[in-house]
Amino acid sequence: IVTVGYFDLSGAKSELAAGYQASAYEFSEAVEELDANLVKARIAEGGELSRLLSEIYADSLVAENCVESFPVDGRETAALSGCINRTGAFAKEALRKLTGGGTLTAADREKLAALYEEIELVRGAMPALIEQANAGTADSLSADGGAYASEFEKIARRLAELHPEEQPAAAREALAGEKELSEEEAAELLKTYLADYDLREVRAVGKEEGRLPCYAFEAADGSGRQYYAQLTVRGGKLAMLESYVPCTQNNYDPQTCVQIAEKFLETCGYEGLEAVWTSEAGTECTVEFVPVQEGALLYPDLLKVKVCRERGAVTGVAAGNYLLNHRARSLGGAEVPASRVRANAEKKLENVSVRAAVIPQAGGELLCWQVRGESEGTLYFAYIDAQTGQTAEIRAVRKTDRGDLPL
């Protein structure tokens with residue numbers, strides 16, 4: 001039995017290693033294509049430019065899927081994923097601009113050149129990644145600090161060196177004015193945030209680095225329910241909360257869940273937020289919040305709260321985007337009036353509402369008019385560029401017996 005088990009395990013690990021190697025080859029091929037198409041796009045015009053941008057967007061999706069399949073922690077691939085996502089977002093936005101009859105500006109061309117520089121750097125790291133994939137085993141490739149993790153750390157350092165004037169500023173921006181706390185001080189703050197949770201034990205389990213350094217804690221309440229939380233080193237803000245608590249009944253409706261989430265956020269020091277979306281998944285309700293500035297919804301600063309509908313208690317928080325991005329913005333004025341946007345929307349949609357919103361777009365942000373309306377049982381959100389009147393993004397939501405389903 002032991003012998004058969006050994007060979008079965010050995011075969012499984014061999015298959016696993018082969019899968020990791022296949023991901024490395026597929027990723028390398030996608031990066032090569034990205035590199036080739038970006039260098040061509042720098043001088044292309046017209047239909048050829050549109051074709052290249054379409055391929056760049058498609059290749060970026062393939063590359064990001066490969067990154068997600070590598071057996072490494074998300075922190076180690078964050079810089080690489082960011083580079084690929086910026087490239088894909090730029091291609092998508094540039095293609096939208098071209099299909100709308102526009103042209104790439106000088107700033108767009110500069111951005112294109114900068115993205116090529118980043119992808120060229122990543123391409124140069126591919127031979128070493130392939131070499132590690134061919135030489136490694138499943139255990140060595142997936143181990144903490146293993147072959148893949150080591151290569152991705154090298155890529156992250158090279159990307160940081162490519163724009164030294166940007167990287168330190170980005171790292172300092174988040175909570176730069178807040179006091180740095182000790183682990184013990186953060187633990188006491190966590191007990192304050194979860195004062196209604198009857199916590200009996202709080203254990204420090206490490207420190208998360210990166211753009212948002214956090215202390216990590218595990219906790220348990222009097223009923224044995226387990227919690228995991230991260231509090232920022234600077235300011236002790238609750239960045240993340242996860243709870244391993246089963247919920248089996250729907251005792252609270254979605255509107256009540258919103259109120260529960262709002263009260264919890266206020267306890268944690270998060271104020272001035274507006275609930276923009278509520279989704280139901282079984283016995284859990286997730287509420288999305290954004291801050292509001294001058295009447296505009298700031299979607300880059302999105303914060304999510306999960307509520308157990310059985311107990312009426314918050315069981316999850318994801319505030320990383322808010323903590324990294326939130327700041328006062330210079331919104332400027334809209335060239336396209338809201339009345340025109342509403343009139344156009346009412347030709348196709350019912351129950352139309354229009355308000356200002358800032359959305360992430362092509363590695364930056366875009367001031368839009370958010371149009372909310374319904375048509376034939378489907379809820380739509382359209383985001384109209386407040387400067388050009390062009391449609392920047394459309395989202396659809398269909399109501400199902402399992403809650404609202406984004407399409």
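Which handedness does the disulfide of Cys247 and Cys308 have, and what is the torsion about its S-S bond? The torsion is about -135 degrees, so the disulfide is left-handed. The structure is a predicted model, in which local features need pLDDT of at least 70 and side-chain atom pairs count only at pLDDT 80 or more, while totals for chains, interfaces and linings use all residues. Residues are numbered from 1 along each chain as its sequence is written, and side-chain values use heavy atoms, with hydrogens and water left out.

## The chain as a whole

The protein chain holds twelve helices and 14 strands. These elements are DSSP runs numbered from the N terminus, a helix being a run of H or I of at least four residues and a strand a run of E of at least two. Of the 407 residues in the protein chain, 43% are buried. Here buried means under 20% relative accessible area, exposed means over 50%, and partly exposed lies in between, with a 1.4 Å probe and protein chains only. Contacts, defined as heavy atoms within 4.5 Å, can also be sorted by separation along the sequence: among those between residues at least 6 apart, 56% join residues at least 24 apart.

## The disulfide

A disulfide is a covalent bond between the sulfur atoms of two cysteines. In this model, a disulfide is assigned to a pair of cysteine sulfur atoms within 2.5 Å, and by this rule the count comes to one. The sulfur atoms of Cys247 and Cys308 are 2.0 Å apart. The pair links distant parts of the chain, 61 residues apart: Cys247 is in the loop between strand S4 (238-244) and helix H10 (254-267), and Cys308 is in strand S8 (residues 303-308).

The table gives the relative accessible area of these two residues together with that of two further cysteines, Cys214 and Cys368.

| Residue | Relative accessible area | Class |
|---|---|---|
| Cys247 | 14% | buried |
| Cys308 | 0% | buried |
| Cys214 | 2% | buried |
| Cys368 | 0% | buried |

## Helix H1

Ser23 counts as buried because its relative accessibility is 11%. Leaving out residues up to four places away in sequence, Ser23 touches Cys66, Ser69 and Phe70. With Ser69 there is also a polar contact of 3.0 Å between the two side chains. A polar contact is a pair of N or O atoms within 3.5 Å; within protein, one must be able to donate a hydrogen and the other to accept it, and residues adjacent in sequence count only if both atoms are side-chain atoms.

Asp35 also lies in helix H1. Asp35 is buried, its relative accessible area being 10%. Beyond its neighbours within four places in sequence, Asp35 is in contact with Tyr116, Ile119, Glu120 and Arg123.

## Residues in loops

Ala174 is placed in the loop between helix H8 (167-173) and helix H9 (183-193). At 8% relative accessibility, Ala174 is classed as buried. Apart from residues up to four places away in sequence, Ala174 touches Arg211, Leu212, Arg234, Leu323 and Leu324. Its C-alpha atom is separated by 9.5 Å from that of Pro213, a residue 39 residues apart from Ala174 along the chain.

Asp198 has a phi near 55 degrees, a positive value in a residue other than glycine. Asp198 is located in the loop between H9 and strand S1 (199-208), and it is partly exposed at 39% relative accessibility. Phi is near 55 degrees for Glu294 too, again a positive value in a residue other than glycine. Glu294 belongs to the loop between strand S6 (284-293) and strand S7 (296-298), and Glu294 is exposed, with a relative accessible area of 65%.

## The second largest pocket

The second largest pocket has a volume of about 410 Å³. Of the 15 residues that line this pocket, Asn344, Ala345, Ala382, Ile384 and Thr391 are the closest to its centre. Two or more lining residues come from each of helix H12 (338-345), strand S11 (364-375), strand S12 (378-385) and strand S13 (391-400). H12 gives the most, with four residues. A pocket is an open set of points on a 1 Å grid over the protein atoms alone, where a 1.4 Å probe fits, with protein on both sides within 12 Å along at least five of seven lines; lining residues have an atom within 4 Å of a point. Grid points are joined across faces, edges and corners, and the volume is the space filled by probe spheres set on the points.
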